[in-house]
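Here is a short report on one protein model. Look at the structure first, then read on.

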Amino acid sequence: MALWRLIRSAPGWLFPLAAGLLMLFLPEFGLSFALSRQVQLACILALVVSGLNLSLGYAGELALGQAAMYAAGAYTAGLMSIAGYTDIVLQLTVSGLVALAVGIVTGIPGLRLGSWSLAMTSFFLVLLVPDIIAVFGETTGGRNGLSGIEPATLFGEAIDSDRFYLVVVIVAILWFAVLRNLVVSRHGIAFRTLKQSPVLASSVGISVFRMKLLGYAIGAFPAGLAGALFANIDMYVSPEAFGFTFATAVLAACILGGATSVYGAAVGAAIMQLGPNQSSEFQQYALVFYGGFLILGGVLLSGGLAKVAKQATARLDRAAGLTGRGTRARPGDTDRPAMEPMPGRALVVDGISKAFGGNQALDSASLRAEPGSITALIGPNGSGKTTMLNMICGFYRPDSGRILIGDTEVQGKAPERVAGCGVARTFQTPDIPDGVTVLEAVASGRYSTDRVSMLSTVLRLPRHHRVRAADIAEAERALDVVGLSHLRDETATALPLGMRRLLEVARSVVAEPRVLLLDEVASGLDEDEVERLAGLIRQLRDAGCTIVLVEHNFRLVLALADTIVVLAQGRVIAEGPPSEIEHNPRVLSEYLGVVAEDTELAGEATS
Ligand SMILES: Nc1ncnc2c1ncn2[C@@H]1O[C@H](COP(=O)(O)OP(=O)(O)OP(=O)(O)O)[C@@H](O)[C@H]1O
């Protein structure tokens, strides 16, 4: 166990890097020509699979177009070589960019149409590849393939096959380092957030369309690199290499290795290439094998080998006493650190209406919430409370009426733009992406603040380090406030419900919102947790934030709210301070179901 602790104290990238370097020096140990070729083909397949992992595993978008990007890269490099541009760095750059462009152009229509459209358009793209190559037969060599490719050069010198092995392995190592930098960054967490739920993603300021397109297009880049390398191995490119069988092999390697894993792509590709792909008899039945594997693998091996490795790691961690710091929130309210000022903005909902078909969910409903105050929105089930929150956040467009944050009208704006105006929210059912730590989940709330480009992130430029330090500092501060800082490295989704609700509050305050919308944040909590939450909400109010609280716990509402707005059948039936609302006969009958003369409470109300 001491050895395991030592292994776990090393940075996570050390072992993959060591494996990469080992591969680099394999020829020193006498690598046969056949094996050297297989290792190169495994690296090439791993590059293609890594692109699918990014779009499918991280961004949650099933898109099978990698085979087409791979073809685009291979033909680009091949044609460049024939035209006399044999420099491998130039070929890799241009092929990667061409594949990226193919990704963007083919991704836009598929993503615009939504749902399964991208899966369908990318699938048809792969089926069309041989035909597209045939149509441009004069340039591409059509079905006979593209021959006449010259040996690649580097700085004017021809690269022999031994040195080309090094080129392939170095490109793979560099790309995997880039991909790793991307997925562990705030952009990687943003991809996971998007995969978890587009609604959640836009509520923290992520543009769903842009992020999905980025995931798909960036995934195309390594496929382009792989194509350029492939064209230079055999110095011949034929359309058969990029067909449906290859696309299925990529998907099978992705599922086998684990889609939500950077190195799973390399492992899946290596097993696929060094195992079944070697035999020519296998090639004959490849599609049947891949099809069967996808059905079985998808069911029996969900998460792939990467998940198996993660489970084994977790077991060893537990055995070595590296986890299990408890899942209770830390001490009570009095120990909570003071909150920085959080100046709110007035929220005005002015006569909004919304109908779903014939169902009038909201009917000229208005509400005003002031900075430094808690406005509770209550009403029976189906009265339109969540619809109201969804309209404030931009998820629904009102049929009529206005919504203002300060002086800015936000009705009709996209949710990520409303989030950019300072509106943050929690969800009725806590919505937290899979596979991220508590700290990462909270820090993801800052995505729309302190922007940093993906390029800065993968190259680890100073701006990336500055923003990352701020993300961590703010997330730690928010965790301290909600009392979860001792759980910062735990898996966020593994926390019990109460902790997840507190985590959501931390995530929503980390970007210092102007308006905070809390949707049934106390439901399912025990008394201690409700007490703790109430203290936290008061603290947020005292810091100056504008808070709208949708809540069924009437006692909590009476204890917390400065103003209560009561909805029934989409209309505001009462509005006022708790002392008034708790005696309002209409509220008592419509919301609490109390018949006026029958109860003491109602007696008070009518007196
Ligand atoms: N996306 C939708 N499509 C169709 N109808 C909807 C949609 N969202 C809400 N509704 C309907 O609008 C009405 C108001 O629903 P809403 O969820 O806003 O109520 P609520 O007050 O939040 O209820 P609860 O307390 O149960 O969460 C309901 O009749 C509901 O069925």
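## Ground rules

A residue counts as near a molecule or strand if its C-beta atom, placed from the backbone, lies within 6 Å of it. This is a predicted model: local features need pLDDT of at least 70, side-chain atom pairs count only at pLDDT 80 or more, and totals for chains, interfaces and linings use all residues. Residues are numbered from 1 along each chain as its sequence is written.

## Around the ligand

The shell around the ligand consists of Phe 356, Asn 359, Ala 361, Gly 379, Asn 381, Gly 382, Ser 383, Gly 384, Lys 385, Thr 386 and Thr 387. By class, two are nonpolar, eight polar and one charged. Here Ala, Val, Leu, Ile, Met, Phe, Trp, Tyr, Cys and Pro count as nonpolar, Asp, Glu, Lys and Arg as charged, and the others, Gly among them, as polar.

Which element gives the largest share of the shell? Helix H17 does, with three residues. E4 and H17 each supply at least two. Such names come from DSSP runs, numbered from the N terminus: helices (H or I) have at least four residues, strands (E) at least two.

## The open sheet

Four strands form an open sheet in the order E4-E3-E6-E7, with antiparallel pairing. Two strands pair if DSSP finds at least two bridges between them. Strand E4 (359-369) and strand E7 (408-409) stand at the edges with a single partner strand each, so one side of each has no neighbour in the sheet. E3 (residues 347-356) and E6 (residues 400-405) pair over five bridges. Val 349 has Ile 403 in E6 as its bridge partner.

## A covered strand

Strand E11 (residues 563-568) is mostly covered, with five of its six residues buried. Buried means 20 or more other C-beta atoms within 10 Å of a residue's own, exposed means 12 or fewer, and partly exposed is in between; C-beta atoms are placed from the backbone.

E11 pairs in the parallel sense with strand E5 (residues 373-378), over four bridges. Ile 378 has Val 566 in E11 as its bridge partner. E11 also pairs with strand E12 (residues 571-576), here in the antiparallel sense over five bridges. Ala 568 stands opposite Arg 571 in E12. The hairpin of E11 and E12 has two residues between the strands, and Gln 569 takes a positive phi near 50°.

## A loop residue

Ser 207 lies in the loop between helix H10 (198-203) and H11. Ser 207 is partly exposed, with 19 other C-beta atoms within 10 Å. Ser 207 and Glu 416 are 209 residues apart in sequence, yet 5.8 Å apart in space, C-alpha to C-alpha.
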